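Keep the 3D view open as you read.

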Amino acid sequence: SGESKRLEAIAIKTSNSPENVKGGIRYKTHVQDYGWRDWSYNGEANGTSGESKRLEAISIELTGNMVYGYDVYYRVHAQDYGWLGWAKNGEYAGTAGLSKRLEGIQIVLVKKNSLAPGDTTTPYITAQ
């Protein structure tokens, strides 16, 4: 954040899961000019490479038994807005219709039904 650099793709995976908790993570991104991409899973790249297209929003969900023990929270740093509120379990985070790039993403797993890591208002901003 603060360097005016855009994210063009992302790969996310879980690690150090307790042995009795099977599952993973899936995610999709909203890419400049293309819209929402299909879901990617457990470390696969989502977005574009070598096309100079910015990520504008993201949605992240847990899979398998992980959904019963954990919530995934994530927030993005959006161009001209800074850090937005925390989204959770598949909600959209970022912007739509504003042509703003994502400059950073934070992702946190918390025990199911625990408090959010911070403010959850306004994780997603759309053009009116």
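## A loop residue to begin with

Let's start at serine 99, which is partly exposed with a relative accessible area of 46%; buried means under 20% relative accessible area, exposed over 50%, and partly exposed in between (1.4 Å probe, protein chains only). Serine 99 sits in the loop between strand E10 (92-96) and strand E11 (102-111). Strands (E, at least two residues) and helices (H or I, at least four) are DSSP runs, numbered from the N terminus. Although serine 99 is not a glycine, it has a positive phi of about 55°.

Aspartate 33 also has a positive phi, near 70°, in a residue other than glycine. Aspartate 33 belongs to the loop between strand E2 (25-31) and strand E3 (35-36), and it counts as exposed at 61% relative accessibility. As background, most residues other than glycine have a negative phi.

## How to read the values

This is a predicted model in which local features need pLDDT of at least 70 and side-chain atom pairs count only at pLDDT 80 or more, while totals for chains, interfaces and linings use all residues. Residues are numbered from 1 along each chain as its sequence is written, and side-chain values use heavy atoms, with hydrogens and water left out.

## The nonpolar core

The largest nonpolar core has 21 residues. Such a core is a set of buried Ala, Val, Leu, Ile, Met, Phe, Trp, Tyr and Cys residues joined through side-chain atoms within 4.5 Å. Ile12, Ile25, Ile58, Ile60 and Tyr74 have the most contacts inside it. The elements giving two or more residues to this core are E2, strand E6 (55-62) and strand E7 (70-78), and E7 gives the most, with 5 residues.

What does isoleucine 60 touch, not counting residues up to four places away in sequence? Its partners include Ile12, Ile25, Val72, Tyr74 and Ile107, along with Arg26 and Asn89; contact here means heavy atoms within 4.5 Å.

## Salt bridges across the chain

The count comes to 7 salt bridges, each defined as a side-chain nitrogen of Lys or Arg within 4 Å of a carboxyl oxygen of Asp or Glu. In one of them, glutamate 61 meets arginine 26 (2.8 Å, N to O). This pair links strand E6 to strand E2, 35 residues apart, and glutamate 61 counts as partly exposed at 22% relative accessibility.

Aspartate 71 and lysine 112 also form a salt bridge (2.9 Å, N to O). Aspartate 71 lies in strand E7 and lysine 112 in the loop between E11 and strand E12 (124-126), so the pair ties together parts 41 residues apart in sequence. Aspartate 71 is buried, with a relative accessible area of 1%, whereas lysine 112 is partly exposed, at 32%.

Is lysine 100 buried or exposed? Lysine 100 counts as buried at 17% relative accessibility. Lysine 100 forms a salt bridge with aspartate 80, the closest N and O atoms being 2.6 Å apart. The pair links the loop between E10 and E11 to the loop between E7 and strand E8 (82-83), 20 residues apart. Aspartate 80 counts as exposed, at 64% relative accessibility.

Lysine 22 is found in the loop between strand E1 (9-11) and E2 and counts as exposed at 51% relative accessibility. Leaving aside neighbours within four places in sequence, lysine 22 is in contact with Thr63, Gly64, Asn65 and Met66.
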